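Dear colleague,

I am passing the structure below on to you, together with notes on what a first reading of it turned up. Please look through it before you read on.

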Amino acid sequence: MIAVLAAATKVDLAVFAVSAVIVMAGAFGVVFSRNPVHSALMLVMTLFGVAVLFVAQEAHFLAVVQVIVYAGAIVVLFLFVIMLLGVDQEENVAAERLRGQRPAAMALGGLMFFLVLLLAQATNWATGTPSARGAASGPGENVEKLGRSIFTTFLLPFEVTAVLLVIAVVGAVVLVRRSPSLPEEGDAEDEAAPEPRGQRRDEEVPA
Amino acid sequence: MTVDGSWYLILAALLFTVGAIGLLIRRNVLVMFMCVELMLNAVNLTLVTFARMLDDIGGQVAVFFVLVVAAAEVVVGLGIIVSIFRRRVGATADDLHILKG
């Protein structure tokens, strides 16, 4: 029995270590890729790693939703927009517009990391109050417990998210719709902009 | 049995930091948006970890709602990005300088 537990710990440790490496590699890939398409694919890698960590913590439903919604839908949406805008050319990551902005960002990020760790370590946040929403462990499936909680305790927020999704759909349609009455504007003040890539520049009348 | 929750929290903090730094140093709007997704995922990982550590299903419910809101946010945000950059060249945040005096 002891040997089985020790083996389980080793396997869990290995799963955690490998997924942590995958997650961090994907995150660095998102930040440091020159091509936005590569960034999106690296984002998929990170999302899969996080899904594995969800499984390791017995959040099975969330792991599946993570893969379907994030890796399946959201990243595909990103790729659609990248292709639609035609911005998949490489960006010069090394070029720095604001002097000293990048080291300052790195320093601030590191400072934030250590402050978060300090904050998490300084106080014991768990008060020991028993949960009002039910235990995560115990008998029964994860999906069952999650569903029971959502459809009883969190029923009103759940229905509000439905309204939110409808608003998002309508908003996206309104935002992206081309209105035929408005003339194409916005090119006039672009004189200082870099070399155009789009095809709309062809029909532009020189001022 | 499982790995101690503190390691998950440290990993989540690291992921959040990388996302924040990426948001600050990248200029492509789409990549900045992806960095926001990284930060959201770090917070989701934290919530799931606390759900396990405190034995409370409420953390997982919170992640569920974060997923829904993130999906809505991505749809609206990408709609805004498309409608801005359809009429302008370039897709970096530096190209948005209409308000510059």
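Predicted model: local features only at pLDDT ≥ 70, side-chain atom pairs only at ≥ 80, totals over all residues.

Residues are numbered from 1 along each chain as its sequence is written, chains are lettered from A and ligands numbered from 1 in the order in which they are written, and side-chain values use heavy atoms, with hydrogens and water left out.

Chain A has six helices and zero strands, where helices (H or I, at least four residues) and strands (E, at least two) are DSSP runs numbered from the N terminus. The domain assignment, which is an automatic or database one, divides chain A into domain 1 (1–91) and domain 2 (139–178), and the C-alpha centres of these two domains lie 23 Å apart. Of the 207 residues of chain A, 29% count as buried, a term that means under 20% relative accessible area, with exposed over 50% and partly exposed in between (1.4 Å probe, protein chains only). Chain A exposes about 13300 Å², of which carbon and sulfur atoms supply 70%, by the Shrake-Rupley method with a 1.4 Å probe.

Turning to the interface, 71 residues from chain B and 91 residues from chain A take part in the contact, contact meaning heavy atoms within 4.5 Å. The area buried between the two chains is about 7500 Å², with 72% given by carbon and sulfur atoms; this is the accessible area (1.4 Å probe) that two parts lose on being put together, summed over both. B:M34, B:R86 and B:R87 supply 10% of the area that chain B buries against chain A, more than any other three residues.

The whole structure holds nine aromatic pairs over all chains, a pair being rings of Phe, Tyr and Trp (its six-membered ring) with centres within 6.5 Å, and planes under 30 degrees apart counting as stacked, over 60 as edge-to-face and the rest as tilted. The rings of A:F78 and B:F33 have centres 5.6 Å apart and planes at 80 degrees, so this pair is edge-to-face. Because A:F78 lies in helix α3 (residues 60–85) of chain A and B:F33 in helix α2 (residues 29–53) of chain B, the pair joins two chains, and both A:F78 and B:F33 are buried. Ring pairs also link A:F61, A:F151, A:F154, A:F158, B:F64 and B:F65 into a cluster.

Finally, two backbone angles deserve a look, given that most residues other than glycine have a negative phi. A:E58, in the loop between α2 (36–56) and α3 of chain A, has a positive phi near 60 degrees and is partly exposed at 47% relative accessible area. B:D55, in the loop between α2 and α3 (58–85) of chain B, has a positive phi near 55 degrees and is partly exposed at 28% relative accessible area.
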